[in-house]
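Here is a short briefing to read alongside the sequence and the model.

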Amino acid sequence: MAIHLGMITIDCADPRGLAEFWTAALETTVTQDYEGEFLILAPTAGGIPLALQRVPEPRAGKNRVHVDFGGDDREAEVKRLVGLGAKELAEHQVPGLAWTVLADPEGNEFCVSGGEH
């Protein structure tokens, strides 16, 4: 028997507040809300659900696991996400791949790749 990836969960202080950013960023909706403690966002086009879970402690240090997103126009997506409340942290490039590291409004890091020049 094998396991499968069922959902990606982000720990946060305010799941409903952070859902405003992620639903706009992913152009999706909250499909399940467990009294504001745990929210599940609908996957787009057969994707993997994203969940937001309330935790009591603030994020400390660098994320050990983060979510990577791809797009046809990385620069345009980064600009859009920053406009929604993300913070741009860094740009990286290796032969054949470029990505931007961002943080959501609670500081959870994620990357956007694609659209290399």
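Helix H2 is followed by Gly85, a residue with a positive phi near 125 degrees. Helices (H or I, at least four residues) and strands (E, at least two) are DSSP runs, numbered from the N terminus. Keep in mind that this is a predicted model, in which local features need pLDDT of at least 70 and side-chain atom pairs count only at pLDDT 80 or more, while totals for chains, interfaces and linings use all residues. Residues are numbered from 1 along each chain as its sequence is written, and side-chain values use heavy atoms, with hydrogens and water left out.

**Confidence**

- The mean pLDDT of the protein is 92, and 97% of its residues reach 70 or more; pLDDT is the predictor's confidence in each residue, from 0 to 100.

- Arg74, Val78 and Leu81 are the buried residues of H2 (residues 74–84); buried means under 20% relative accessible area, exposed over 50%, and partly exposed in between (1.4 Å probe, protein chains only).
- An α-helix has 3.6 residues a turn, so residues three or four places apart point the same way.
- Lys79 and Gly83 are exposed on the other side of H2.
- The buried residues of H2 pack against H1, strand S6 (87–94), strand S7 (97–103) and S8, where contact means heavy atoms within 4.5 Å.

- Phe21 belongs to helix H1 (residues 15–26) and is buried, with a relative accessible area of 4%.
- Not counting residues up to four places away in sequence, Phe21 touches Leu81, Leu84, Gly85, Ala86, Asp104, Pro105 and Phe110.
- Phe21 and Leu81 are 60 residues apart along the chain, yet their C-alpha atoms are separated by 8.6 Å.
- The structure holds six aromatic pairs: rings of Phe, Tyr and Trp (its six-membered ring) pair if their centres lie within 6.5 Å, with planes under 30 degrees apart counted as stacked, over 60 as edge-to-face and the rest as tilted.
- One of them is the edge-to-face pair of Phe21 and Trp22, at 5.0 Å centre to centre with 80 degrees between the planes.
- Phe69 and Phe110 also form an edge-to-face pair, at 6.0 Å centre to centre and 80 degrees between the planes.
- That pair links distant parts of the chain, with Phe69 in strand S5 and Phe110 in strand S8, 41 residues apart.
- Phe69 counts as partly exposed because its relative accessibility is 24%, whereas Phe110, at 1%, counts as buried.
- Phe21, Trp22, Phe69 and Phe110 form one aromatic cluster.

**The four-stranded sheet**

- Four strands form an open sheet with mixed pairing, in the order S1-S4-S3-S2; two strands pair if DSSP finds at least two bridges between them.
- Strands S1 (8–12) and S2 (30–34) stand at the edges, each with a single partner strand, so one side of each is left without a neighbour in the sheet.
- S1 and strand S4 (residues 50–54) pair in the parallel sense over five bridges.
- H1 lies across S1, S2, S3 and S4, running at about 165 degrees to S4; axes are lines fitted to C-alpha atoms, for helices over the stretch in contact, and angles run from 0 to 180 degrees between N-to-C directions.
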